[in-house]
Number of protein chains: 2
Amino acid sequence: MKIIAFYQTKFGELWEKSLTSLIKEAIFGVLKEANLEIDQVDAIFFSNMMAGVLENNLHTSSKISEIIGKNIPIFRVEAACASGGIAFHLATKYLSDNSKKTVLIVGAEKMTDYSPEETTLALAAAASGEEQEAGLTFPGLYALMANFYLQKYHYSEENLAYVSFKNHFHGSLNPKAHFQNKLTIEKILKSPYVAYPLKVLDSSPISDGAAALILTNDAYLIKKSKYSVSVLASEVATDTINLFQRQTFDEILATKIASELAFKKAKIERKHIKVAEVHDCFSIAEILAMEDLGFWKKGEGGKNIKELSTQIGGSDLTVNPSGGLKASGHPVGATGVKQIGEIFLQLTKQAGQRQVKNAKYGLAHNVGGSGGTVVVTILGS
Amino acid sequence: MKIIAFYQTKFGELWEKSLTSLIKEAIFGVLKEANLEIDQVDAIFFSNMMAGVLENNLHTSSKISEIIGKNIPIFRVEAACASGGIAFHLATKYLSDNSKKTVLIVGAEKMTDYSPEETTLALAAAASGEEQEAGLTFPGLYALMANFYLQKYHYSEENLAYVSFKNHFHGSLNPKAHFQNKLTIEKILKSPYVAYPLKVLDSSPISDGAAALILTNDAYLIKKSKYSVSVLASEVATDTINLFQRQTFDEILATKIASELAFKKAKIERKHIKVAEVHDCFSIAEILAMEDLGFWKKGEGGKNIKELSTQIGGSDLTVNPSGGLKASGHPVGATGVKQIGEIFLQLTKQAGQRQVKNAKYGLAHNVGGSGGTVVVTILGS
């Protein structure tokens with residue numbers, strides 16, 4: 001089972017584009033990348049979170065059938081911000097009978113046509129009813145984790161700031177990124193609070209965008225394809241929706257479970273991973289992810305991030321070369337697909353200015369909500 | 001791959017039950033039916049259409065993880081009124097690697113806590129933006145098909161009425177049905193119009209409810225299970241969302257495509273099917289379904305339905321013994337799961353008063369929206 005192509009629209013505030021036009025651009029963009037016709041696609045997996053809530057737009061399987069003019073199976077999957085990773089996971093299961101089939105995975109989200117209040121409320125649909133009633137938004141939920149982590153391990157907001165610093169540097173090298181500006185630590189620390197201790201510049205933006213992949217079992221297609229990357233593992237874990245049901249706030253248990261399963265399945269070790277896209281919806285999330293994925297010891301992330309070893313050219317594996325959710329943008333349904341696509345680009349040496357050297361294996365880590373759903377994908381060149 | 005258990009909550013106006021409580025009842029209900037513990041389930045597929053729009057409730061994978069207290073993979077699927085059939089289809093794909101796994105499929109919908117206007121608007125999310133802007137609701141879309149069909153083949157509203165007459169008779173035999181009252185043709189014809197020529201009593205109701213199935217590859221579980229039924233085919237087709245893009249209004253093309261694929265896969269003929277659950281969201285829909293599935297010739301459905309040969313005890317295959325969507329109720333996300341469950345009950349002779357005799361093969365037909373997504377499932381005992 002190989003990924004043979006990836007396409008991403010520009011991420012950002014795309015006011016002139018509708019959800020339909022984003023989906024269309026991504027589908028025909030990835031077909032062109034793969035040098036395929038739509039007739040060669042056996043099924044489509046589509047990930048989107050909020051079109052139902054924001055624009056009363058559901059039943060997208062049929063809407064995509066109209067866009068492509070075909071009657072093939074099309075599936076819409078939703079798992080909040082992990083929708084893209086879940087769509088990819090189910091696509092791998094769809095091909096697990098080893099039939100000679102080809103599937104297209106497309107994720108898209110249109111978020112900026114609404115007021116920030118409307119979009120924030122719609123995003124809160126990924127939290128529990130109790131949390132929504134308590135007025136907890138996602139910055140609030142991650143702020144609880146950040147406060148707990150900083151206090152327990154004696155770090156300050158400055159430690160968090162290095163996540164955004166690094167990811168904006170990476171974003172400055174990515175022409176598809178929502179933000180392509182570098183930030184200083186001072187500027188991050190002076191940005192206004194969203195939910196203490198998290199500031200605007202600790203937080204991923206509200207973005208529009210779409211991303212698509214082609215995954216195939218067809219040996220002939222793989223052979224004639226210019227690029228191909230193997231899917232070594234795609235593993236999913238879930239956890240309680242309510243933070244108050246969790247054992248502790250300084251870890252995302254579902255990340256630990258999914259990554260253990262994924263490394264076992266892929267039969268490689270952490271040290272073999274040279275490039276990773278991890279789910280940095282807030283700065284604290286990248287630090288927890290690096291620890292829970294097993295790259296860093298629990299509690300050491302706050303120190304490690306300051307060394308910038310995970311920045312391109314650093315001594316360690318490179319993390320979020322795309323700019324992550326923070327700088328690359330976070331069009332929710334597209335994010336998990338884009339993460340896997342970025343690893344595909346890195347392993348096939350198509351990442352341009354942000355190319356990581358000598359990466360044979362890469363990992364993508366996609367999180368839904370405050371950690372209730374996690375997908376870990378490992379690719380190998 | 002075998003279905004070994006089915007559970008259905010009562011369908012109806014369940015004002016004392018939340019979406020969460022319906023899901024919980026269905027999950028633990030089907031586990032009890034199968035004599036399984038939750039630890040024996042490897043993954044869950046969940047189908048729901050409208051919780052996002054109606055109650056800002058998404059990311060149900062995590063919410064179900066909290067209900068069951070487990071970290072297993074859970075997937076939420078949405079395809080409007082075909083959500084349940086699609087969830088089942090993806091569950092069969094999940095098991096297609098022939099691993100010794102067991103999956104639970106659960107569908108649920110909570111529709112009656114809102115005004116009929118709110119629920120009708122949320123249901124319209126399954127239609128296109130153009131149709132929504134034109135003020136077309138689902139009764140309106142199916143009324144266009146009904147008018148076209150009645151005029152083309154010279155039938156009257158009386159022909160349509162026999163669908164509801166039959167399905168309410170079946171519903172009177174089903175203790176889980178939303179409506180258990182018999183209707184007369186006169187009463188149906190005198191009921192108020194919703195969208196000419198469709199009347200209230202041509203239309204399926206707004207219902208609450210949940211349904212669940214256990215599907216397994218585990219030979220040991222199948223062997224010790226009291227009941228088991230084989231999945232001979234599960235096929236999906238899609239079509240344009242907009243009616244104005246279709247070639248004609250007197251057929252659902254996706255039904256024709258999916259049923260051709262399904263019969264080919266199952267390697268049986270139409271005549272072998274003795275019991276079917278077809279998607280009768282409106283009376284006209286059952287007539288079109290019977291023709292498009294290949295049971296009746298195009299244009300003859302209006303005449304055939306009046307002979308009541310598809311009523312329990314009739315001369316033909318029995319259609320919608322559960323009462324169909326019309327009498328059994330239509331909690332959208334649960335419907336496709338319930339249809340397959342009803343066929344399971346019929347083939348394992350657990351259908352009580354509404355038991356169809358000598359049925360070895362059965363079919364379930366689940367439609368999203370005005371025919372943009374169709375799933376056809378064939379089971380064999």
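**The interface of chain B and chain A**

Across the interface of chain B and chain A, 39 residue pairs are found in polar contact, both residues being at pLDDT 80 or more (a pair of N or O atoms within 3.5 Å, where within protein one must be able to donate a hydrogen and the other to accept it, and residues adjacent in sequence count only if both atoms are side-chain atoms). The model is predicted, so that local features need pLDDT of at least 70 and side-chain atom pairs count only at pLDDT 80 or more, whereas totals for chains, interfaces and linings use all residues. Residues are numbered from 1 along each chain as its sequence is written, chains are lettered from A in the order in which they are written, and side-chain values use heavy atoms, with hydrogens and water left out.

The contact (heavy atoms within 4.5 Å) draws 54 residues from chain B and 54 residues from chain A. About 4100 Å² is buried between the two chains, 51% of it on carbon and sulfur atoms, buried area being the accessible area (1.4 Å probe) that two parts lose on being put together, summed over both. In chain B, the most area is lost to chain A by Asn56(B), His59(B) and Glu66(B), which together account for 17% of what that side buries.

The rule for salt bridges (a side-chain nitrogen of Lys or Arg within 4 Å of a carboxyl oxygen of Asp or Glu) finds 2 across this interface. A salt bridge joins the side chains of Glu78(A) and Arg76(B), at 2.7 Å from N to O. The side of chain B that touches chain A comprises 25 nonpolar, 20 polar and 9 charged residues (nonpolar: Ala, Val, Leu, Ile, Met, Phe, Trp, Tyr, Cys and Pro; charged: Asp, Glu, Lys and Arg; polar: the others, Gly among them).
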